[in-house]
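This report goes through one protein model, from the whole chain down to single residues. Please keep the sequence and the structure in view while reading.

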Amino acid sequence: MNERRYLLRTFGCQMNEHDSERIAGLLTADGYVSTEDASDASVVVFNTCAIRENADNRLYGNLGHLRPLKQKNPRMRIVVAGCLAQKDGGTIQQRAPWVDVVIGTHALPGLLDLLHRAETGGPQMDVSEVTEVFPSALPALRGVSHHAWVSIAVGCDNACTFCIVPLVRGPQRSRSIGDVLAEVQGLARRGVVEITLLGQNVNTFGRDLTVPGSPRKPLFAELLRAVNEVEDLRRIRFTSPHPHDFTPDVIDAMAESDKVCEHIHFPLQSGSDRVLKAMQRSYRRERYLEWLERIRAAIPGIAVSTDIIVGFPGETGDDFGETLDLVRRARFDQAYTFQYSPRPGTRAATMEDQVPKPVVQERFDRLVALQEAIALEGMRAQVGSTAEVLVEGTGRKGRTQGRTRTNRLVHLDGEHAPGTFLDARIVAAHPHHLDGELVRETVAVG
Ligand code: SF4
């Protein structure tokens, strides 16, 4: 049999996961099947991320490993996609001339065309800077059938000094509410019960659009309410809101829309106003805490997760103390903590006063210890309650794992198909997951 196979490796954030679903969808529509074996693949795609540390070294390492395979099988096509492709473009072709296609974040719809052109025309590159077609409008091949990412906007109009996104994804471009709804309705008809609306800054959704026949702009709150009406959909999540652009109507829409889950990812980055200013994050600590209070008052029991960067250039011991203080006051249920390291191409990378690595490490360890203790207290408070769990699959120890509406991970015995809803009594707490016992399956799949 002469099947064409593709191997796809994804690095980075949900936006890249979302793009990879589209890459897989395009290749599948063209007759390729997936493989995990590079020596068996006719196309190898690296969907890269420019945010992680040493992303380029890792990419060139991976490309180096593929080189002998390509020499043995010159018909193998190697594709570099994603943020690093967008940022580095021609450099990738210079450093790894055996790469056949370099395709940026805006050019995904042209992937098959570029692959075909590479057959006869040699290495191809498209790192154009304008999104003509939303990635969500392309065919998708999803790893799971009950959950889907739905892009509502691409790009970002902010300029946080540590972030490469505005450079590689461009200014924000929103999709129309009608377009998003049509996709969500189609997904729900195909059995998707949970969606995550995806944008770099969901609160500014619609700022670049107008409502047909009206001078006003569509709002994120409006989108949430509209998606809440989609039949057969059970859960709505979104990521990420920006504390600066948060508005009361979003809190109202969350509180009033029964499918919107009781969880919010609310990126803090630092608890020091001085550092927030240097990061060009245009909110301040008291305002952040105020929003948190309003959100919690309107949506009782809501779980809050956040992102925190430790050791941003110029961060003093006092600044870090402010972060610890805010973490104590905010009582996050979960925090993604990062040690700052410069990302080439960002403003922060050229700032003076980079904090020495051992200092960053020491602060980071203190923050993680504090946050783990707070998270564990929050998890312990769940013991004895009963929660709705949506099964995701089987975890490491062969136990079923799923998530509550508050995004807490629950492990429990017994086999339950992914996509099944069940009620679980929470019997034990750990910093990152809960143990549950089955009360009953509420909606089974299959
Ligand atoms: S809001 Fe800031 S951190 Fe988020 S994508 Fe935009 S520039 Fe990056």
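Among contacts in the chain between residues at least 6 apart in sequence, those joining residues at least 24 apart make up 71%. The model behind this figure is a predicted one.

The secondary structure consists of 13 helices and 19 strands. Along the principal axes, the C-alpha atoms fill a box of roughly 60 × 60 × 55 Å. The radius of gyration is 23 Å, which agrees with the value near 22 Å that a compact globule of 446 residues would have. Of the 446 residues, 53% count as buried. The chain exposes about 19800 Å², and carbon and sulfur atoms supply 50% of that area.

**The ligand shell**

Which residues lie around the ligand? They are C156, N158, C160, F162, C163, V165, P166, Q200, H242 and R281. By type, this shell divides into six nonpolar residues, three polar ones and one charged. C156, a member of the shell, has a relative accessible area of 13%; this is under 20%, so C156 counts as buried.

**Cysteines**

How many disulfides does the chain have? The count comes to zero. C13 is an example of a cysteine in no disulfide: the nearest cysteine sulfur, that of C49, is 6.0 Å away, whereas a disulfide needs the two sulfur atoms within 2.5 Å. C13 is partly exposed, because its relative accessible area of 28% falls between 20% and 50%.

**Residues in loops**

| Residue | Relative accessibility | Class |
|---|---|---|
| E129 | E129: 61% | exposed |
| R331 | R331: 36% | partly exposed |
| Q269 | Q269: 7% | buried |

E129 lies in the loop that runs between strand 6 (124–126) and strand 7 (147–151). Is E129 buried or exposed? With 61% relative accessibility, E129 is over the 50% limit and therefore counts as exposed. Leaving aside neighbours within four places in sequence, E129 is in contact with Q86 and H106.

R331 is found in the loop between helix 12 (317–330) and strand 14 (334–339). R331 is not a glycine, yet its phi is positive, at about 50°. What does R331 touch, leaving aside its neighbours within four places in sequence? The contacts are with R296, I374 and E377. R331 and V304 are 27 residues apart in sequence, and their C-alpha atoms are 8.4 Å apart in space.

Q269 also has a positive phi, of about 75°, although Q269 is not a glycine. Q269 is placed in the loop between strand 12 (263–265) and helix 10 (273–279). Despite this loop position, Q269 counts as buried, because its relative accessibility of 7% is under 20%.

**A cis peptide bond**

The peptide bond from T239 to S240 is cis, with omega near -5°. S240 sits in the loop between strand 11 (235–239) and helix 9 (248–256).

Terms used
Residues are numbered from 1 along each chain as its sequence is written. This is a predicted model: local features need pLDDT of at least 70, side-chain atom pairs count only at pLDDT 80 or more; totals for chains, interfaces and linings use all residues. Side-chain values use heavy atoms; hydrogens and water are left out. A residue is near a molecule or strand if one of its heavy atoms lies within 4 Å of it. Ala, Val, Leu, Ile, Met, Phe, Trp, Tyr, Cys and Pro count as nonpolar, Asp, Glu, Lys and Arg as charged, and the others, Gly among them, as polar. Helices (H or I, at least four residues) and strands (E, at least two) are DSSP runs, numbered from the N terminus. The radius of gyration is taken over C-alpha atoms; the globule rule is 2.2 Å times the number of residues to the power 0.38. Buried means under 20% relative accessible area, exposed over 50%, partly exposed in between (1.4 Å probe, protein chains only). Contact means heavy atoms within 4.5 Å. Accessible areas come from the Shrake-Rupley method with a 1.4 Å probe; for residues, only the protein chains shown count as cover.
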